[in-house]
Amino acid sequence: MTATQAATHGKGRWIGDWRPDDPAFWESTGKKVARRNLAFSILAEHLGFTLWTVWSIVAVKLGAYKFSTDQLFWIVSLPNLVGSALRIPYTFAPARFGGRNWTVVSATLLLVPAVLLAVAVNDPGTPYWAFLLIAATAGLGGGNFASSMANITYFYPQNRQGAALGLNAAGGNIGVSSVQLLMPLVIAGFGLAAAGLFWVPFVLAAAAGAYFCMDNLTSAKAEPREMAKAAGRAQTWIMSVLYIGTFGSFIGYSTAFPLLIKSQFPEHASLTSLAFLGPLVGSLIRPVGGWLADRLGGASVTFWNFAAMIASVLLVWRAMSAHSIVLFFAAFMLLIGTAGVGNGSTYRMIPAIFRAKAVAGVEHGTPAYEEALATGKRDASAAIGFISAVGAFGGFFINRGFGSSISATGGAGAALVAFAAFYAVCFALTWFCYMRTLGAKSAPSLAAARV
């Protein structure tokens, strides 16, 4: 039975024979099946990001509830916290339940934050604690990235996974821009409750598409022990810190942008309708970070990108001090853009680092080398799931940093200085661990590798 036949006629759409690294199999049947699954995976993940970040716009429109700026930043930050925590269990779900089955479930779960949002804003007496709980359910969308990426990995051959995963990730990330572009228009036309109800038919369509058009793979395997081992490795934690600085910054600044405009430049509140440009730039430029990393080395790009992020965040601080909306908008766009570049370069570093560690001291071309290379790939796969989960917590820290700073000082300056200091730590950490010469005692194999 061919893969296509198994996908069509197998019980529960399970495919038992899946050999993507076999060129003949890939060209005859595998490529078509993989592309179909990728398309519907991107749709579901895109909607996951939109529901995950929808409160970044809704919070700006809650003026009738008289919440403080700090309270609004709590509402925006909680989905980031919950979504980050869910990424670890979501990583194992496709292998445990089937990629198609879990995409149906995870997409359908997006109805919860969508409907509850409409319920909350329809009642002027909704208490603040209820808003917090309902906003937290939006974190269900944040977990979708991990399960979607884990699922698509199994469908593609090793030499095509980079492009497939890049498309999958970009399709999800652009969801932040989509929600910030569409929601001001939808709310203006149909009211605040429409910010949730608008997504219901799209969620149902994504769930139906996954049910009828996606597949499960029996060859997909959950490796919680491998992730537990990865969590015990120093390189995993180092890269988690760097990923907080890149992806965490991207999602944090993207969701904070509209509320910052309204709170710090109230006379220009109408510009919140242009906030979508930030995450759009950050999403589209992410592949550029990966492309540069392929040519110049991931560590080099990440190292200099953190220097650019320090300069960008200080430029945002200068714009706020001068109360210049033009400079603020341009600087913030630059900041999210550099976060996007770093997002691509750090993600590229992970497999290179674990490959270099695995083959260090092993003679090239020997069976032992091939075995070590396979081990490095397995270690990298486990580490990526953990790193993506920890890195996403940066979105929570950034929003809470802004909220606390504004509450304590009346402005965002203290938060921006703290962020610049953190990027300086990441800058130094990248140099110390991955940019030193061959004589570095702590990680000579990594210093030699083009990470």
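I first looked up A230 and found it buried, as its relative accessible area is 0%, where buried means under 20%, exposed over 50% and partly exposed in between, with a 1.4 Å probe and protein chains only. The model is predicted, with local features needing pLDDT of at least 70 and side-chain atom pairs pLDDT 80 or more, while totals for chains, interfaces and linings use all residues. Numbering runs from 1 along each chain as its sequence is written, and side-chain values use heavy atoms, without hydrogens and water.

I placed A230 in helix α12 (residues 224-231), helices being DSSP runs of H or I with at least four residues, numbered from the N terminus. Leaving aside neighbours within four places in sequence, I listed T236, A382 and A383 as the contacts of A230, contact meaning heavy atoms within 4.5 Å. I also noted 9.0 Å between the C-alpha atoms of A230 and I384, which are 154 residues apart along the chain.

Next I turned to V112, which lies in helix α6 (residues 111-122) and counts as partly exposed at 33% relative accessibility.

Last, I looked up the largest nonpolar core, which has 115 residues, and found that W55, L62, Y253, L260, F328 and F402 touch the most other members; such a core is a set of buried Ala, Val, Leu, Ile, Met, Phe, Trp, Tyr and Cys residues joined through side-chain atoms within 4.5 Å. Helix α16 (residues 325-359) gives the most to this core, with 14 residues.

How values were computed:
Helix = DSSP H or I, 4+ residues; strand = E, 2+ residues; numbered from the N terminus.
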